[in-house]
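Here is a walk through one structure, taken a step at a time. Keep the sequence and the 3D view side by side.

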Amino acid sequence: MIKLGTIGTNWITQRMIEAAFATGKYELGAAYSRHENTGNEFANQNGGAKVYTNLANFMASDEFDTAYIASPNVFHFEQVMLALKNNKNVIVEKPAFMNPMQTQQVLDELKLHPNLRLFEAARNVHMPAFKAVQQALKKATNIAGADFVFSQYSSRYDLVLAGETPNVFNFAFAGGALADLGIYPLYDAVALFGKPVKQMYYPTMIATGADGKGTALLNYDKFDITLNFSKISNSKHHSEIYAGRNIIAIDNGGEFTEAKLISPEQTEVISAKYTKNPMIPEMTDFAAIIAHPEDETLQAKYHVWLQLMQHVNETLNNLAISAGIHYPDKFKE
Ligand SMILES: NC(=O)c1ccc[n+]([C@@H]2O[C@H](COP(=O)([O-])OP(=O)(O)OC[C@H]3O[C@@H](n4cnc5c(N)ncnc54)[C@H](OP(=O)(O)O)[C@@H]3O)[C@@H](O)[C@H]2O)c1
């Protein structure tokens, strides 16, 4: 069994632990929270675990072997480095890091611990529908571009409208639409088509000084891809990849729960709607990599994901810079 140590007690950590338990491959070993009562509440709700309010003590403990990090983005880098130095595998929420220098430092540290594994929790690229689209693309011809959409009105935008600055819209925490939701369609594009040749981001800025929504244009040699994402409005647009007369249609570029191949003659469902906890596929994939260091096929897949993380991070950084956005690499009060 993989023993998890969690950072962050918001709903996403609860969703992750339920997915982890559902795979039958994980148990909860320890939980870190800044507040003992929040940590206890989370641990008790999940069968009990040792609770820490001191991060260094948590990381040094031997109650867990794999850290799951779901803190505000700006803290990921330091927490990941600390976890690796304490000989822990890492599953870090997206976006793992805020610039390529951080990513490189982490990859350098990882080289010193060849037994450890690091995963960016980009759940969309682990979904069955994503894997079905990858297969469909192998047979597709005349690719003419793609549009990936992921827009969900955030209840926390109501707080912004009331004059507050919740973390996810707080630039000091590396918040904003591109870092939060934009990374999903960005993962779609880079995982399916590689790094773009050029990229440009057109953000809609909101009162907090962060981007609330935006459109990114990725230029490839022979086609372009658009990414549309928003935390201040909803969209029901599907995502589509254009292949001559055919369309590979995805219900949602962020959720990636269902995929269809649409030709002028017929519509074929190539991956039926996934209705379970959407973190089960990624937690299943990560468990297999951690549990089978001897399996060359699995470890090769791991290295593809590690490189994908790096390519997504570089493109995220280039997009942000194209719009004059420079994410903080450290939290400053
Ligand atoms: N994969 C997904 O579907 C998904 C969904 C949502 C979010 N995420 C990712 O998960 C991460 C967390 O997002 P979130 O919206 O849950 O963030 P959040 O609510 O702002 O913070 C997450 C946790 O971090 C701790 N925290 C909050 N403010 C902090 C501060 N000022 N200093 C130190 N710790 C603080 C809190 O835990 P304690 O109070 O217990 O210390 C909190 O539960 C982000 O990277 C986000 O992109 C992923």
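Start with a single side chain in this predicted model. Setting aside neighbours within four places in sequence, Thr23 is in contact with Ile280, Met283 and Thr284. Thr23 itself belongs to helix α1, which covers residues 11-23.

Is Thr23 buried or exposed? Its relative accessible area is 18%. Buried means under 20%, so Thr23 counts as buried. One of its polar atoms lies 2.6 Å from the backbone oxygen of Ala20.

Now turn to the sheet. It is open and has six strands, in the order β3-β2-β1-β4-β5-β6. The pairing is parallel. Which strands stand at the edges? They are β3 (50-52) and β6 (118-121). Each has a single partner strand, so one side of each is left without a neighbour in the sheet. From one strand to the next, the twist averages 25 degrees.

Strand β2, residues 26-32, runs parallel to β3, and three bridges join the two. Across from Val51 in β3 stands Ala31.

Helix α4 spans residues 76-85. Which strands does α4 lie across? They are β1 (2-7), β4 (66-69), β5 (89-93) and β6. Relative to β5, helix α4 runs at about 170 degrees.

Technical notes:
Residues numbered from 1 in each chain as written. Predicted model: local features only at pLDDT ≥ 70, side-chain atom pairs only at ≥ 80, totals over all residues. Heavy atoms only, no water. Pairing = 2+ DSSP bridges. Helix = DSSP H or I, 4+ residues; strand = E, 2+ residues; numbered from the N terminus. Axes fitted to C-alpha atoms, helices over the stretch in contact; angles between N-to-C directions. Contact = heavy atoms within 4.5 Å. Buried < 20%, exposed > 50% of the residue type's maximum accessible area, 1.4 Å probe, protein only. Polar contact = N/O pair within 3.5 Å; in protein donor to acceptor, adjacent residues only side chain to side chain.
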